Amino acid sequence: DDLYEYEYSYNIVEKYKTKNNSLLSAFLTGNCIGLFIFGVLASAFALILTKKDISNETVRYFLLFSAFFAAFSSSFYPAKKTKMKGFLVGLINGMIISIILILLLLIINKLNVTFHTFLIIPLAISGGTAGGIIASNMK
């Protein structure tokens with residue numbers, strides 16, 4: 001009975017292996033790519049903010065767009081490198097990106113929670129899922 005459980009769990013790991021044998025490595029790389037893109041977008045917008053007078057509402061919507069795009073881009077690498085379904089890869093990456101971005105926002109806003117803070121969750125998950133599905137269909 002224990003032998004069957006071991007073989008079953010081993011088969012699941014074998015099924016979703018990447019080319020370099022590390023599923024975790026693919027997810028970490030994808031999330032680093034997504035966070036890097038979020039940082040680039042946020043930095044570019046911060047540069048624009050110093051030159052122009054933009055309302056707080058525009059800043060919030062740009063950050064939400066950045067979260068969506070970061071999750072979207074973070075799902076491409078693992079969806080291409082793993083044999084997992086794009087939907088599942090995107091869902092996992094979207095959740096990870098949303099958690100990281102919410103923690104960053106809470107630190108930046110001194111634990112001030114707004115509606116836009118929680119709006120990141122569905123946007124990041126839907127962005128990650130869309131990215132994963134598109135990337136897996138491009139294989």
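This is a predicted model: local features need pLDDT of at least 70, side-chain atom pairs count only at pLDDT 80 or more; totals for chains, interfaces and linings use all residues.
Residues are numbered from 1 along each chain as its sequence is written, and side-chain values use heavy atoms, with hydrogens and water left out.

**View 1. Overall fold of the protein, with six helices and zero strands.** Along the sequence the pattern reads α-α-α-α-α-α, where helices (H or I, at least four residues) and strands (E, at least two) are DSSP runs numbered from the N terminus. Of the 139 residues, 32% count as buried, a term that means under 20% relative accessible area, against over 50% for exposed and in between for partly exposed (1.4 Å probe, protein chains only). Among contacts (heavy atoms within 4.5 Å) between residues at least 6 apart in sequence, 77% join residues at least 24 apart.

**View 2. Serine 25 in helix α2, which spans residues 23–51.** Serine 25 counts as partly exposed because its relative accessibility is 25%.

**View 3. The largest nonpolar core, made up of twelve residues.** Such a core is a set of buried Ala, Val, Leu, Ile, Met, Phe, Trp, Tyr and Cys residues joined through side-chain atoms within 4.5 Å; members here include Phe38, Leu64, Ile97, Leu101 and Ile120. Helices α3 (56–74), α5 (86–108) and α6 (115–137) each supply at least two residues of this core, and the largest share, five residues, comes from α5. Apart from this core lies another, of five residues, among them Phe27, Ala79, Met84 and Val89.

**View 4. The lining of the largest pocket, to which α3 gives the most, with five residues.** Of the 17 residues that line this pocket, Val59, Arg60, Leu63, Leu105 and Asn109 are the closest to its centre. A pocket is an open set of points on a 1 Å grid over the protein atoms alone, where a 1.4 Å probe fits, with protein on both sides within 12 Å along at least five of seven lines, and lining residues have an atom within 4 Å of a point. The elements that give two or more residues to the lining are α2, α3, α5 and α6.
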